[in-house]
Amino acid sequence: MFGLSGRVPNVSANCCNKWGKYLQSIVAGSTYKVELWVRSKTSFSLSVAFTSSDGTTVLAQSHLSVEASEEWSKRSVVVAATSTDHNARLALTSATRGVFWVDQVSALPTDTYKGHGFRKELATMIADLKPGFLRFPGGCYVEGQRMANAFRWRDSVGPYEERPGHYGDVWNYWTDDGFGYFEGLQLAEDLGTAPIWVFNNGVSHEQSVATELIGPFVQNVLDGIEFARGPVDSTWGAVRAEMGHPEPFQLQHVAVGNEDCNKPYYTSNYMEFYNAIKLKYPDIQIISNCDASIAPLDHPADLYDYHIYTNAKNLFAMRHQFDHSSRSGPKAFVSEYAVTGTDSGTGSLYAALAEAAFLIGIELNSDLVQMASYAPLFVNANDRRWNPDAIVFNSNQQYGTPSYWMQHFFKSSNGAHLIPSTVQADSSTSLASIITSAVRFHNASSGMEYLIVKAVNFGNTSLNVNLAVTGISASNIIPGESNIMVMTSSGVMDENSFTNPVKVL
């Protein structure tokens, strides 16, 4: 099952503050909801306006009447834009002299993905990949450099203004946790994907909680599962219902930490989480951080997590990584993979070719590898903390890197049937630079069966390739319904950009 990993270094600006919370792009004809908390010693009229980047032109404006009060009150107003500026300012002004306080100012377009606050263009790019799952809230972001700065799901639910936020000390930025645990579950539901919750297991990059002290962390996770799945009369199910979602979310997978296998206390702590979760929620699939692709695990798990970031040649060579792994243990979850370093640039065709070959290798081993997801998913071009990423955006633009478009070749693989196939090329040398797969896919909307053949040529010359598949007669192939889709460019290091978003497509 191919999906998406929410591993996003800059969470506050990338995947995780409702994508547009820090609003800059104002478009004529659109409406925007501004919310704020205010208190004042005197009554006054407050102008809420978006202005041009130089402050000289009013793009949208409305007014609020504020009564004198020592108590904070929440106010909101919807403003309609008459002009466009992609780097607009939010201006709160008053003609009344006096003292007033504002806090928790938020601005969002009223037209968001399925009405839940997510920037429509970005969420649509995710939906277009037809992912099978969404892994969130991420990797190192979950751990923190130190435990004090780990992601805490309790602090990320409930009213936005009551969320304290936290410092993401791995990637060095502050997040207000506007995209929290609830929003991750909501986004997965809106996309029609399975949520995979990665939780902190008492381990950060520098610190580990001893097993005899792990009890409160275990209870915290059980409470988190209750928030997602509990009835409305349960303690945390009631909190979810109060947030507008009385129905339980379909949480079936949890990951015990991120890249923590060799850290102190991981295995003994893992067993505390495993036993407690299985006792209360026996249907939940539990994912271990420990790699079982080479040697068996010394603890029970439903899946094991596998991460790989490397150069293009290495990843292409790893297309056979799971060919000889044991089939007797837990299934594999390749939750983070990408070509990084000089081979990737900020998202190259070269990187996408190697990643495609690696994914074909995973597809050929789909009896073992149950899920796979590229990471990271998003990056704000104004605050890059990692290269490359699948989707790049700023206040008003977005584009997919070649790695994003590569994943479109696999979006019909979820639920397809692998078909035995053999390939012949010009020579044995040529065979060393290609990898192919064939699957049979049923299209429910058309009612037709499709044979989908994928092939990657990682070499520097064109090849003549013959592919023989088993179990399908040539007479059953309809030429008029067949097509070829190719991703290529004039140079292997070519990239997409805001000025040329479809150079590699």
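The model is predicted: local features need pLDDT of at least 70 and side-chain atom pairs count only at pLDDT 80 or more, whereas totals for chains, interfaces and linings use all residues. Residues are numbered from 1 along each chain as its sequence is written, and side-chain values use heavy atoms, with hydrogens and water left out.

The axes of α3 (residues 181-191) and α4 (residues 215-229) come within 11 Å and cross at roughly 45°. Axes are lines fitted to C-alpha atoms, for helices over the stretch in contact, with angles from 0 to 180 degrees between N-to-C directions. Helices (H or I, at least four residues) and strands (E, at least two) are DSSP runs numbered from the N terminus. The crossing of α3 and α4 is right-handed, that is, the near helix is turned clockwise from the far one by less than a right angle, anticlockwise being left-handed. On the α3 side, Tyr 181, Phe 182 and Leu 185 make the contact; α4 contributes Gly 224, Ile 225, Phe 227 and Ala 228. Contact here means heavy atoms within 4.5 Å. Six of these residues are nonpolar, one is polar and none is charged. In this division, Ala, Val, Leu, Ile, Met, Phe, Trp, Tyr, Cys and Pro are nonpolar, Asp, Glu, Lys and Arg are charged, and the others, Gly among them, are polar.

## Helices α4 and α5

Helix α4 also packs against α5, at an angle of about 45° and with the axes 7 Å apart. This pair is therefore oblique as well, and α4 passes α5 in a right-handed crossing. From α4, the contact involves Asp 223, Glu 226, Phe 227, Ala 228 and Arg 229; from α5, it involves Thr 235, Trp 236, Gly 237, Val 239 and Arg 240. The residues of this contact comprise four nonpolar, two polar and four charged.

## The two sides of α5

In α5 (residues 235-242), the buried residues are Trp 236, Gly 237 and Arg 240. Buried means under 20% relative accessible area, exposed over 50% and partly exposed in between, for a 1.4 Å probe and protein chains only. These three residues lie on the same side of α5, because they cover an arc of only 105° around the axis; the arc is that of the directions from the helix axis to the C-beta atoms. The buried residues of α5 pack against α3 and α4. The face turned away from the buried side carries the exposed residues Thr 235 and Glu 242.

Ala 241 also belongs to α5 and, at 25% relative accessibility, counts as partly exposed. Residues up to four places away in sequence set aside, Ala 241 touches Val 232 and Pro 246. Its C-alpha atom is separated by 18 Å from that of Gly 178, 63 residues apart along the chain. After α5 comes Gly 244, with a positive phi near 100°.

## Backbone geometry in loops

Two cis peptide bonds may be noted. One joins Ala 375 and Pro 376, with omega about -5°; Pro 376 lies in the loop between β16 (369-374) and β17 (378-380). Another joins Asn 387 and Pro 388, again with omega about -5°, and Pro 388 lies in the loop between β17 and β18 (391-393).

Positive phi values also occur in residues other than glycine. Lys 114 has phi near 55° and is found in the loop between β7 (100-109) and α1 (120-127). With 52% relative accessibility, Lys 114 counts as exposed. Glu 259, which is not a glycine, has a positive phi of about 55°. Glu 259 sits in the loop between β12 (253-256) and α6 (266-280) and, at 37% relative accessibility, counts as partly exposed.

Ala 210 is found in the loop between β11 (194-199) and α4, where its relative accessibility of 10% makes it count as buried. Apart from neighbours within four places in sequence, Ala 210 is in contact with Tyr 265 and Asn 269. Ala 210 and Asn 269 are 59 residues apart in sequence, while their C-alpha atoms are 7.7 Å apart in space.

Methods
Angles under 35 degrees count as roughly parallel, over 145 as roughly antiparallel, 65 to 115 as roughly perpendicular and the rest as oblique.
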